[in-house]
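Biologist: I would like to learn how to read pockets and aromatic pairs in a model. Please take the terms one at a time.

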Amino acid sequence: MAEVGEIIEGCRLPVLRRNQDNEDEWPLAEILSVKDISGRKLFYVHYISFFEIDGRKNKSYSQNLCLLAKCFLDHKTLYYDTDPFLFYVMTEYDCKGFHIVGYFSKEKESTEDYNVACILTLPPYQRRGYGKLLIEFSYELSKVEGKTGTPEKPLSDLGLLSYRSYWSQTILEILMGLKSESGERPQITINEISEITSIKKEDVISTLQYLNLINYYKGQYILTLSEDIVDGHERAMLKRLLRIDSKCLHFTPKDWSKRGKW
């Protein structure tokens, strides 16, 4: 059982236990719920909150979170060694407390610039825009850190679809917001797109290629937005009602390289 103070109030997690055959069980109907919130609340707007959980300081909660993810992610392998990771838990709030919607984890120190190690939206909350909100939040953290980020590879088929959709919408939002100066066509570089969005340059290039926006014209590469691309993007953005407001983010990055063993 987890110790009091290690579980976010109202977040439903499976209780790891042993049955008579000494095998692990994950009875999802059971609920761990305590009054103390030990994670840092980083973001709050209306009924949605994000909490930062340190995998070393809140080991039991982090392990249970990983076991929960294993129920829905076949490739999930991390269960117990949670010390090197931070967990960002998204919750809905109602009169009964905070209820977990999904989460993502990230390494405290990543040599590959990974800003997400594992990401999950629980099945009851899928197809409601929460997955994209988790992805957007991970990049908002990267912006505050002054870094470009990318999810840990390889991505699952569903993960690739989700990220490609987010990358496409984010990049198109930047391109369509450009204004011409002195009657000339607006200009922007791939490095500038990467700096504005915190999306790693390789992911920017692969997304532009996927959208078929890069063309060679009169000795130089240009980006061409067709009417179909513009119309499709505008329709998609009308459906995207949940967004991260950076002004509601309360986050100060830590230099984990100076903290010894985290």
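Modeller: Start with the elements: helices and strands are DSSP runs, numbered from the N terminus. The model here is predicted.

Biologist: Which strand gives the most to the lining of the second largest pocket?

Modeller: S11 does, with four residues. Helix H4 (190-197), strand S10 (214-217) and strand S11 (220-223) are the elements that give two or more residues to that lining.

Biologist: What is the volume of the second largest pocket, and which residues are closest to its centre?

Modeller: Its volume is about 700 Å³. The second largest pocket is lined by 19 residues, and Pro186, Gln187, Tyr221, Ile222 and Leu223 are the closest to the centre. By class, 13 of the lining residues are nonpolar, four polar and two charged.

Biologist: How is empty space found in general?

Modeller: A probe the size of a water molecule is rolled over the atoms, and this shows where empty space is left. In this model the largest pocket has a volume of about 1300 Å³. Its lining has 42 residues, with Ile119, Thr121, Leu158, Gly159 and Ser162 nearest the centre. Two or more lining residues come from each of strand S8 (118-121), helix H2 (130-145), helix H3 (157-176) and helix H6 (227-239).

Biologist: Which domains each give at least three residues to the lining of the largest pocket, and how do its residues divide by class?

Modeller: Domain 2 (48-153) and domain 3 (165-239) each do. The lining of the largest pocket has 22 nonpolar, twelve polar and eight charged residues.

Biologist: What describes a pair of aromatic rings?

Modeller: The distance of the centres and the angle of the planes. With centres within 6.5 Å as the rule for a pair, the count here is eleven aromatic pairs. Phe51 and Phe98 are edge-to-face, because their planes are at 85° and the cut-off is over 60 degrees; their ring centres are 5.2 Å apart.

Biologist: Why does the pair of Phe51 and Phe98 tie together parts that are apart in sequence?

Modeller: Phe51 belongs to strand S4 (residues 48-54) and Phe98 to strand S6 (residues 97-107), so the pair joins parts 47 residues apart in sequence. Phe98 also forms a tilted pair with Tyr93, at 4.8 Å centre to centre and 55° between the planes.

Key. Residues numbered from 1 in each chain as written. Predicted model: local features only at pLDDT ≥ 70, side-chain atom pairs only at ≥ 80, totals over all residues. Heavy atoms only, no water. Phe/Tyr/Trp six-rings, centres within 6.5 Å; stacked < 30°, edge-to-face > 60°. 1 Å grid on protein atoms, 1.4 Å probe; cavity = no way out; pocket = protein on both sides within 12 Å on 5 of 7 lines; lining within 4 Å. Points joined across faces, edges and corners; volume = space filled by probe spheres on them. Nonpolar A, V, L, I, M, F, W, Y, C, P; charged D, E, K, R; others polar. Domains from an automatic or database assignment.
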